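Try each one on the display before you read its solution.

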Amino acid sequence: MNLQDDPGALFRDRMPDLTPPPAAFDLDAIVRDGYRARRRHRAVLTGASATSVAAIAAVLAFSAGVLPGDRTDPADPAHPTDPAGEATTGAPPGSTEIDYANAGYPWPGDSGFGDQAVADQLTAAGRDAFDDLLIATGRFEASDFQSIMNDPSEEEIAQYAEDMQLSLEEAEAELSYVEDDGLFVFTGHTSPGNYGQVQLYSYEATALAAQEPEAEDWNRHLLEVEALLPGGWTAEPGPTSEQFFPQHLIEDTGSLETRELDDGRTLYTAVDDCETTLAVTYPNAAGLRATWDTGCDGEEEVPVDAAAFEAAVLAMPQIDYDTGGLAEVGQVVDVPTGWLASDLAWEEWAEEGAQATGQLVEAALSEIASGSMLGSASALVSDDWEYLDPDAVRLHQYTVSGTLPYSTTIDTTVDDASFDLTYTLPGGWLPGFSGEDQNGPYLANCRADFECREAEVGGRTAYIAERRDAHEPDAGSGSTEGWFEGEYEITVVDPDGWAVSVWMAFGNDDFELSADEVADILAQLPAPEYDAELEPVLAD
């Protein structure tokens, strides 16, 4: 982000109708703190600015001309049209060069990323390369790495074709499915670049093993292999955490070795007390990282032969991935440092904070909308059995559901309108709307079928997304009457850096509550209870 001499003043000039913050909200002091945080940020290769007040990011984002939805002001020639959309390579006009490290892909949607043919190719190569190493540990057998297909008989095919009115070829195709994938299967994976401004695409396979040879709890990630498409990462050693952009292919553990190979590949080897990691960069800008958990902190040691592990990694082929959608990031927005999923410090008080917040909300709603009902609030904490990726980031949030005393009709049921309420604590996000092809870093979403707008409500900023769809009768589906669907997705951001969001659905077009009225209710809700002094741990 381009810094101005006085971004606080520029912010005030550009947003003259913004409700002034309370006197205790010292904008100039926050901007000065933001400058200091940025110096630390640059010193650690895109570390992050302080997160105690996420409004810093909002002030600086607006000061740079960033409009809701991650769209910059088209009248401002200092900024590209779309920071995460159209490719702006920085190369001369007509050049096909791209800065892969500062590029990424769009959010693939809820269906996820992955090409099954590529995944199958990687699975076959990965099993050939690594199965002997895994079998040698005594925790796996050769049959574990074989996919089992359903092999229908001619009689079964004929009967199925008759029953389903299919051709024999169609019936055989439907009956020839995978019954068991086996172990060490590659699947598509997305990783947020700069907290979701772009996405990194890859394929991952993991060999899960028991902590002890005879145990049945397969929760040890003995071997993890990730094949990375070009874009969003750098071979420069550094923390592999999602807190950084571009992300780093391999960490410098103090014993990092680099070797240029004759075929244009580069091999990186890093060994520490707990694991051995090898990485490869390919001439086509793709990469691969393999990590073997050798054991530490009381775990049983499972050593791996260094030469055999290296040979297995180098046996993995270069894949010519489809990089359609890859585009350079025109402007990397500054996001307050996010929380590592493995940083469990907040869980010491998270449930207590959620319940205390729920009680405050219940008391507030009894005054704002008498007759409201609220369930039990909870924090989105990890489960005891959950594997916590040490590189992943997550938001800190409280959730609670309830009803408001306003009647609505869903299908044929008439009842009070229900809602899902979420408090998001500071860290890892920005105020605003994310674009349709993004999944962050802006907290609110503006989906394709929603109308979206921003408003100032009670000294806070509301991001309002509203959908109203009236459907005509559809004889094809058997519907003889029209119907209506409505949704509100509204987020209100407080200057102190926290946010409260609500989702509501209603089935009548004359629903009593407008989106603006819901935003007004949200703006009257209390601040959440949380430890404002707790800061995210930045990965080493």
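A nonpolar core is a set of buried Ala, Val, Leu, Ile, Met, Phe, Trp, Tyr and Cys residues joined through side-chain atoms within 4.5 Å. Keep that in mind for the first exercise, and remember that this is a predicted model.

**Exercise 1. Find the residues with the most contacts inside the largest nonpolar core, and say which elements build that core.**

Step 1. The largest nonpolar core holds 42 residues, and F130 and F309 have the most contacts inside it.

Step 2. Elements that give two or more residues to this core are α4 (116-135), β7 (198-210), β8 (218-228), β13, β14 and α7. The most comes from α4, with 8 residues.

Step 3. Now look around F130. Setting aside neighbours within four places in sequence, F130 is in contact with residues including F184, L223, V225, A290 and F309. A312, V313 and M316 are also among the contacts of F130.

Step 4. There is also a second, separate core of 40 residues, and A377, L425, W498 and L513 are among them.

**Exercise 2. Describe how β13 is placed between its partner strands, and say how covered it is.**

Step 1. Start with β12, which runs antiparallel to β13 and is joined to it by 6 bridges. The two strands form a hairpin with 3 residues between them, and V271 stands opposite T276 in β13.

Step 2. Move on to β14. The pairing of β13 and β14 is antiparallel as well, over 7 bridges, and E275 stands opposite D293 in β14.

Step 3. β13 and β14 also form a hairpin, here with 5 residues between them. In that turn A285 has a positive phi of about 75 degrees.

Step 4. Finally, check the cover: 6 of the 7 residues of β13 are buried, so the strand is mostly covered.

**Exercise 3. How many disulfides are there, and which cysteines do they join?**

Step 1. A disulfide is a covalent bond between the sulfur atoms of two cysteines. With a cut-off of 2.5 Å between sulfur atoms, the count comes to 2 disulfides.

Step 2. One of them is formed by C274 and C296, with sulfur atoms 2.0 Å apart. This pair links distant parts of the chain, 22 residues apart. C274 lies in the loop between β12 (266-271) and β13 (275-281), while C296 lies in the loop between β14 (287-293) and α7 (306-314).

Step 3. The torsion about the S-S bond of C274 and C296 is about 95 degrees, so this disulfide is right-handed.

Step 4. C274 has a relative accessible area of 25%, so it is partly exposed. C296 is at 18% relative accessibility, so it counts as buried.

Step 5. The other disulfide joins C446 to C452, S to S 2.1 Å. The link of C446 and C452 is right-handed too, with 105 degrees about the S-S bond. C452 is partly exposed, because its relative accessible area is 27%.

Step 6. With the bonded cysteines numbered in sequence order, the pairing reads 1-2, 3-4.

**Exercise 4. What does the chain look like over residues 154-181, and in its overall make-up?**

Step 1. The unreviewed UniProt entry annotates residues 154-181 as "coiled-coil region". In the model, the chain there is 68% helix and 11% strand, and the end C-alpha atoms are 24 Å apart.

Step 2. The protein chain as a whole has 9 helices and 27 strands, and 46% of its 540 residues are buried.

Terms used:
Residues numbered from 1 in each chain as written. Predicted model: local features only at pLDDT ≥ 70, side-chain atom pairs only at ≥ 80, totals over all residues. Heavy atoms only, no water. Helix = DSSP H or I, 4+ residues; strand = E, 2+ residues; numbered from the N terminus. Buried < 20%, exposed > 50% of the residue type's maximum accessible area, 1.4 Å probe, protein only. Pairing = 2+ DSSP bridges. UniProt positions renumbered as here; feature names shortened; annotations may be inferred. Contact = heavy atoms within 4.5 Å.
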